[in-house]
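Dear colleague,

As promised, I am handing over the structure so that you can look through it alongside my notes. Please open it first and keep it in view while you read.

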Amino acid sequence: MPFTSFMEIALAQAAAAAARGEVPVGAVVVAPGGRVVAQAGNRTRELSDPTAHAEVLALRAACRAAGSERLPGHDLWVTLEPCPMCAAAIGYARIGRLYYGAADPKSGGVAQGARVFAHPQCHHAPEVYDGIARAPAEALLRDFFAARR
């Protein structure tokens with residue numbers, strides 16, 4: 001099966017989050033075979049929930065759809081490097097591959113900061129591919145925060 005990027009869907013979710021006044025992060029869960037099973041954007045302010053990150057919301061929806069707390073073989077596409085909370089949730093869900101766009105030097109938990117998947121207590125680490133559609137993901141974030149300064 002040829003490689004297909006689902007980052008455009010994640011970027012659309014991030015743009016929708018920005019339009020709601022949320023930090024523009026979007027996530028998409030893709031089942032084996034390439035079927036999109038969940039997508040979400042940040043909703044922390046809207047839901048008054050600090051855990052309502054795009055990744056967590058997408059993982060919750062995908063798990064409901066699968067009828068399981070684990071998603072082996074599924075891919076997760078995210079516009080921003082997941083934070084430590086989201087990285088832990090990704091590991092607990094047993095996501096097979098993680099693709100993300102922009103690096104997050106301040107709050108990242110994959111290649112930056114906590115490096116959750118490299119920690120000895122990590123039970124499962126997905127394959128990680130970074131820099132996918134980095135420029136548009138960074139532009140969404142830069143424009144969002146510039147408008148608030």
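Below I set out what was found, beginning with the chain as a whole and ending with single residues.

Please keep in mind throughout that this is a predicted model.

The chain contains 5 helices and 5 strands, and if you follow it along the sequence these elements come in the order α-β-β-α-α-β-α-β-β-α. As for overall dimensions, the C-alpha atoms occupy a box of roughly 40 × 35 × 30 Å along the principal axes. The radius of gyration is 14 Å, which agrees with the value near 15 Å that a compact globule of 149 residues would have. Of the 149 residues, 42% are buried, and among the contacts with a separation of 6 or more, 57% are made by residues 24 or more positions apart.

The accessible surface of the chain is about 7,500 Å², and carbon and sulfur atoms account for 54% of that area. With regard to charge, there are 15 positive and 13 negative side chains, and the centres of these two sets are 3 Å apart.

The structure holds 0 disulfides. Cys83 takes part in none, although the sulfur of Cys86, its nearest cysteine sulfur, is 3.7 Å away, whereas a disulfide is counted for sulfur atoms within 2.5 Å. For Cys63 the closest cysteine sulfur is also that of Cys86, but here the distance is 13 Å, which is too far for a bond. Cys63 is buried, because its relative accessible area of 15% falls under the 20% cut-off, and Cys83 is likewise buried, with a relative accessible area of 15%.

Leu11 sits in helix 1, which covers residues 7-19, and with a relative accessibility of 10% Leu11 counts as buried. Leaving aside residues up to four places away in sequence, Leu11 touches Thr79, Ala133, Pro136, Ala137 and Leu140. The C-alpha atom of Leu11 is 14 Å from that of Arg142, a residue 131 positions away along the chain.

Which backbone angles deserve a second look? Most residues other than glycine have a negative phi. Arg94, however, has a positive phi of about 65 degrees although it is not a glycine, and Arg115 also has a positive phi, near 45 degrees, without being a glycine. Arg94 lies in the loop that joins helix 4 (84-92) and strand 4 (97-102), and Arg94 is partly exposed at a relative accessible area of 21%. Arg115 is found in the loop between strand 4 and strand 5 (127-130), where Arg115 counts as partly exposed at 45% relative accessibility.

One further loop residue is Ser68, which is placed between helix 3 (54-66) and strand 3 (75-80). Ser68 is partly exposed, with a relative accessibility of 28%, and the C-alpha atoms of Ser68 and Ala93 are separated by 9.0 Å, while the two residues are 25 apart along the chain.

Key: Residues numbered from 1 in each chain as written. Predicted model: local features only at pLDDT ≥ 70, side-chain atom pairs only at ≥ 80, totals over all residues. Heavy atoms only, no water. Helix = DSSP H or I, 4+ residues; strand = E, 2+ residues; numbered from the N terminus. Rg over C-alpha atoms; globule rule 2.2 N^0.38 Å. Buried < 20%, exposed > 50% of the residue type's maximum accessible area, 1.4 Å probe, protein only. Contact = heavy atoms within 4.5 Å. Areas by Shrake-Rupley, 256 points an atom, 1.4 Å probe, with all protein chains shown as cover. Lys, Arg positive; Asp, Glu negative; His and termini not counted. Charge placed at Lys NZ, Arg CZ, Asp CG, Glu CD.
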